[in-house]
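Good morning, everyone, and thank you for making time for this.

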Amino acid sequence: MHRRHLLAATLAGAALAPRPASAQGFTPQNPECIAPAAPGGGFDLTCRTTARALNELGIVGPAIRTQNMPGGIGAVAINHINAQRRADPNVIVAVSTGSWVNLAQGRFGRWTENDVRWLGTIGADFGVIAVRRDSRFQNLADLVNAIKQDPGSVPMGAGGAVGSQDWTKAALIARGAGVDPRRLRYVPFEGGGQAMAALLGGHIQVFPGDATEVRGQLEANEIRLLAVLAPNRLPGAFQNVPTAREQGVDAEWTIVRGFYIPPGAPDAAYNYWVDALRRLYAHPGWPAIRDGAGLFEFNMAGREFEELAKRRTAEYRALAREVGVIQQQN
Amino acid sequence: MDSIAALMGGFAIALTPTNLGLAFLGCLIGTAIGVLPGIGPMNAIALLLPFCFALKLPPESALILLAAVYYGSGYGGRITAILLNMPGEPAAAITTLDGHPLAKQGRGAAALAVSGIGSFVGATLSVVLMTFLSVPLARIAVGFSPADYVALIVFALSLLGAVAPGNAVKAWAAGCFGILLALVGIDSGTGVERLTFGSIELLGGIDFTVLAIGLFAIGEVLLLLETRLRATAAALGHGERLSLKELLACVPAMVRATGIGFVIGVLPGAGASVAAALSYTTERRIADRAGTFGKGDLRGVASPETADNAAQIGNLVPMLSLGIPGSGTTAVLLGALLMYSITPGPLLFTQRPEVAWGLIASMYVGNVMLLVLNLPLVGLFARLLTVPAWVLYPGVIALSYAGVYAVSNSPFDLLLATAFGALGYVLRKLDVPLVPIILGFVLGRLLEDNLRRALSLSDGDVLALFASIPSLLLWACTLAALVFPLIRRKV
Amino acid sequence: MRAQADRVLGGALVALAAGVVWHAQSLEVAFAADPVGPKAFPTVVALAMGACGILLLLRAGTVWEKAERVLPGLAAAAAMAAYALLLAPLGFITASALLCLVIALAFSATILQAVVTSLVTAPLLWLLLDRVLDLPLPAGPLGF
């Protein structure tokens, strides 16, 4: 799927020569990237990586500075944008699938997916289902069967709360097995690292994690991956791991990392930033930087990304309603 | 032995002029970051990463620099904690208990010296342990189950009364209050919002830095302001310097603290603050025969500072040998490796020995640097107190607030810090100890999370909490800690 | 009244504990994800805190020492709260200078001393955070 986008992006940004982007005469003044995390958090990495790449590869002239605004996986940032910078053309805000999950559950205050302009992605990570190397589960079918027989017999855990994006991966597998996700024995940990420790320690049997955070243990043969929750197989160390869909379970979990801009930003600014992202996709220096940020290729900008954002939030809202983790008033 | 040969290879890397210089730079930055209350090592490392790329540093050099910032920060937090009663980093909150009374008696320089030496001892002994036992230790650490964590945290909490023995009721109330503060935010077990009062800013919980700055720094300033300022620095400089005899008296405390700190640090689910707290309270129970702890006992400074640095090094063990980040800071260090296309994880030692062993060797060097850097400066730091209050305190407050704002851009956090400041002032006036609030805050969340994890895994069976050898040992310690003082009182 | 300080504290603790217990009971859980749930722990801790509060209510307590000076502390606290709200509109350097000015005056500086302190401290902090650490701070209407 993302191969096609790369092709489209290459055609769109035909000129590979690094000249600063400029759509309809718009050039940003003191551009900023808002990272809804403290320095060192995931969003911080998204912002700093993108800012560095856009500046160093000559796509955006003025230096982009990263501003940190932690709180509620983006809730504080969307509030700030809508309250104080509704029309600011010089700011982009990092967003992820985790933000969409919270947005769908009504945790972004009164703001919805229609209160920003969705810009595009810089890449994605994908969900994986990890077990210890000596696990009784050889493939996804073993796990699904065990869950079908007795969901309580398979303790699983990941780095997020019930209702979070980490939990949703487990919920999708349960649904694929035709089991109510509420019956899973899901144990939340403080971050993926601690969940991995619990998996290696044998306290949980299944860790629905992200591809990047399990790569080291996979390469060292400490763990086995039952499935990647991606549309296609992933490259490199993951190439021998089948997708869930290959194994007959309709579960896909793409952790998108991208950006939005304020709802009242003019079209010229929107086009400028979309164009900048497309140039980034096409630049030969980008893949190495993206890999360094632990992201797989996933290029999508402009209208297509907006549609994805709205479709995903609608899906997550439906899932949250079905499972009952949604806030009552929404 | 393999480890020794590999370590020698590591020293060949760590001792090149560039890497020595980078380690030194990292130690300087780390110490400064430790002093700055708003910005922690995790933030600093993330901010330094682009700088590493701009200088085109090779991965081992970058890691040597970044790691030096990390363990260097453990040396910085004590300075303001001892001199001004304002901890610069979480673990240093414990250091205020004995450090600040010492400074008030004019022995700030001695306290700084002991804490510097303790930090060095803790860090260096831990690096030695790490050199030889990294992999087996990490294997044991991941075996530590949620039920074991419950027993560990209950043990730490059972010593809470030791923080303020004369005032147990208030200490317990403060501890409970700290626990409740930690519960603010989204409940990880169910996704329900607790004690947020509908505030978006509180969804992610209360930031430790905001709480500590408010209770300690702001509260302290407000208390100072209500008295007619009799020269705050009256006693300074007249106190005796640290004698060899005093230092030797601290050695057993340092050795115990290293053990406690390192073991807790290796566990992926605990941290340096837990280590410092547990070490201090244990030491107080064991060694406070004359009742001098809390009134300015050098051992009460040596213990938490040693444990803090030992735990920081211990925290690197699961990261380096299993690729498991036990804390936010180690997660950022792992991310830095990833940026250099190095897969962090169990294969690091075999595939990229220059990175793993270069880092370990550089930690021996870096800690010597930090000691050499810190000891001569002790007198200079202590002179901080001769700076007029009207220069010192505006600077400290502005630095704290600006630091918080720079990483959060949140006016809400500053208001919250001010509110905690007012609370800190009132609680001091009421003679309520503040450190139990910090301990409750750090331990409370850990306790609830692990208790619920353990009972979820056992399907509600409470006996699972007593099912392993580590947990039984820890429960026995808890029992001893609760009973022992009662027996001693009768004797 | 002055010797009653601990009673006031005890009362406040009991009230706070009651509030937390009430809040915990009002939490609605969609489904029982774990056997303990989100209510039990805060309830138990709050009850323990309330018990401590009752113990404090029952005994004579600490004497609340009257402040020798009230105004400086109030001014400093007000300046800190104002700083939070004025940082973005005024800009970092101006707001920080004002904060330093008030606190310096509260610590009995002369006007000249306070002005010098604030004019040195605020730009230094800006240099450190904005320039050295690259953490953007708000610029005011005058561009700094």
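This is a predicted model: local features need pLDDT of at least 70, side-chain atom pairs count only at pLDDT 80 or more; totals for chains, interfaces and linings use all residues.

Residues are numbered from 1 along each chain as its sequence is written, and chains are lettered from A and ligands numbered from 1 in the order in which they are written.

The contact takes 53 residues from chain B and 60 residues from chain C, where two residues are in contact if their C-beta atoms, placed from the backbone, lie within 7 Å. On the side of chain B that touches chain C, α16(B) gives the most, with 14 residues; helices here are DSSP runs of H or I with at least four residues, strands are runs of E with at least two, and both are numbered from the N terminus.

Now to the pair of helices: α9(B) packs against α3(C), residues 71-90, at an angle of about 150°, with their axes 8 Å apart. Axes are lines fitted to C-alpha atoms, for helices over the stretch in contact, and angles run from 0 to 180 degrees between N-to-C directions. The two helices are therefore roughly antiparallel, a term for angles over 145 degrees. Among the residues that make this contact are I218(B) and L225(B) of α9(B), together with A76(C) and M80(C) of α3(C).

Finally, A63(A) lies in the loop between α2 and β2 of chain A. Is A63(A) buried or exposed? A63(A) is exposed, because 12 other C-beta atoms lie within 10 Å, and exposed means 12 or fewer, buried 20 or more.

Key
Angles under 35 degrees count as roughly parallel, over 145 as roughly antiparallel, 65 to 115 as roughly perpendicular and the rest as oblique.
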